[in-house]
Amino acid sequence: MSKLTVFEHPLIQHKLTLIRDKKVGTKEFREIVDEIASLMAYEVTRDLPMTEVEVETPITTTTQKILAGKKLAIVPILRAGLGMVDGIMKLIPAARIGHIGMYRDEETLEPVEYFVKLPDDIDQREVLLVDPMLATGGSADMAIDALKRRGADKIKLITLVSAPEGVAAVQKAHPDVDIYTAGLDEGLNENGYIVPGLGDAGDRLFGTH
């Protein structure tokens, strides 16, 4: 079974509460999502491997630790996932970026894949799959399938808010994919939206309706 991590850090919880407020406008919503993504990336990358190198400081020569050169890729699920990319890139500027396009059929509530563009060496990279919402789990499940078909086998799913139904669906379909979220909410309503949630993240990020 994959691991579920819910971030209880006060800064993350504070900022998540801010963007739940329907009165928060597009500019502020976008800025806070960016900040939360950075804070979450700090924790998600805690297990990156290190190696030792010798450096010369102004005082002496010393052996210190640096990242071991592990290759990373950030893959947002379009379009809402784009709002989390820059925040993570601030910490991992060398990461490659891929894109997986999904939209939800409003009648069936099922995801439909329309675009996949990934780094050529995606099979050699650890993938941070990002999407603000994990609702039914359908989009995440399909995106993970798309990554695995192209050789990716080290995948972490990062979300802002998640419904228990979506977490269970991803864990059942992909027990090798760990899930990281800022908020584990109550569940889904009859329209498949997360309750209490934060509305349609894509609309709120890009000012559409």
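In the predicted model, Pro132 is in contact with Ala80, Gly81, Met84, Thr159, Leu160, Val161 and Ala201, leaving aside its neighbours within four places in sequence. Pro132 is found in the loop between strands β8 and β9, the latter spanning residues 133-134, and Pro132 counts as buried because its relative accessibility is 1%, which falls under the 20% cut-off. Strand β9 holds Met133, and this residue, with neighbours within four places in sequence again left aside, is in contact with Val161, Ile194, Leu198, Gly199 and Ala201. Ala201, which is found in helix α6, touches Phe29, Ala80, Pro132 and Met133 when residues up to four places away in sequence are not counted.

An unreviewed entry gives the feature "binding site" for Arg79, Arg104, Asp131, Pro132, Met133, Leu134, Ala135, Thr136, Gly137, Gly138, Ser139 and Asp200. Of these residues, the lining of the largest pocket includes Arg79, Arg104, Asp131, Met133, Leu134, Ala135, Thr136, Gly137, Gly138, Ser139 and Asp200. UniProt, again in an unreviewed entry, also places the feature "binding site" at Ile194, Gly199, Asp200 and Ala201, and the lining of the largest pocket includes Ile194, Gly199, Asp200 and Ala201.

The interior of the model was examined next. In soluble globular proteins, nonpolar side chains tend to be buried together. The largest nonpolar core has 36 residues, of which Ile19, Ile36, Met40, Ile88, Ile158 and Leu198 touch the most other members. The elements that give two or more residues to this core are α1 (10-20), α2, β4, α3, β8, β10, β11 (178-184) and α6, and α2 gives the most, with eight residues. Another core, of 22 residues, lies apart from the largest one and has Ala73, Leu147, Ala152 and Val170 among its members. Met40, one of the residues of the largest core that touch the most other members, is in contact with Phe7, Ile12, Ile158, Thr159, Leu160, Tyr180, Thr181 and Ala182, once its neighbours within four places in sequence are left aside.

Helix α3 (residues 82-89) has as its buried residues Gly83, Met84, Val85, Gly87 and Ile88. Among these, Met84 is in contact with Pro132, while Ile88 belongs to the group in the largest nonpolar core that touches the most other members. The buried residues of α3 pack against one set of helices and strands made up of α2 (26-44), β4 (72-78), β5 (96-97), β8 (126-130), β10 (155-162) and α6 (201-206).

Lys156, placed in strand β10, is buried, with a relative accessible area of 7%, and the side chain of Lys156 makes a polar contact with the side chain of Glu126 at 3.4 Å. Not counting residues up to four places away in sequence, Lys156 touches Val44, Asp47, Glu126, Val127, Leu128, Leu129, Val177, Asp178 and Tyr180. Lys154, by comparison, is found in the loop between α4 (138-149) and β10 and counts as partly exposed, at 43% relative accessibility. With residues up to four places away in sequence not counted, Lys154 touches Arg125, Glu126 and Val127. The C-alpha atoms of Lys154 and Glu107, which are 47 residues apart along the chain, are separated by 33 Å.

A further element of the fold is the pairing of strands β2 and β3. Strand β2 (residues 50-56) and strand β3 (residues 61-67) run antiparallel and are joined by seven bridges. The two strands form a hairpin, with four residues between them, and within this pairing Glu54 stands opposite Thr63 in β3.

Definitions and conventions: Residues numbered from 1 in each chain as written. Predicted model: local features only at pLDDT ≥ 70, side-chain atom pairs only at ≥ 80, totals over all residues. Heavy atoms only, no water. Buried < 20%, exposed > 50% of the residue type's maximum accessible area, 1.4 Å probe, protein only. Contact = heavy atoms within 4.5 Å. Polar contact = N/O pair within 3.5 Å; in protein donor to acceptor, adjacent residues only side chain to side chain. UniProt positions renumbered as here; feature names shortened; annotations may be inferred. 1 Å grid on protein atoms, 1.4 Å probe; cavity = no way out; pocket = protein on both sides within 12 Å on 5 of 7 lines; lining within 4 Å. Pairing = 2+ DSSP bridges. Core = buried A, V, L, I, M, F, W, Y, C linked by side-chain atoms within 4.5 Å.
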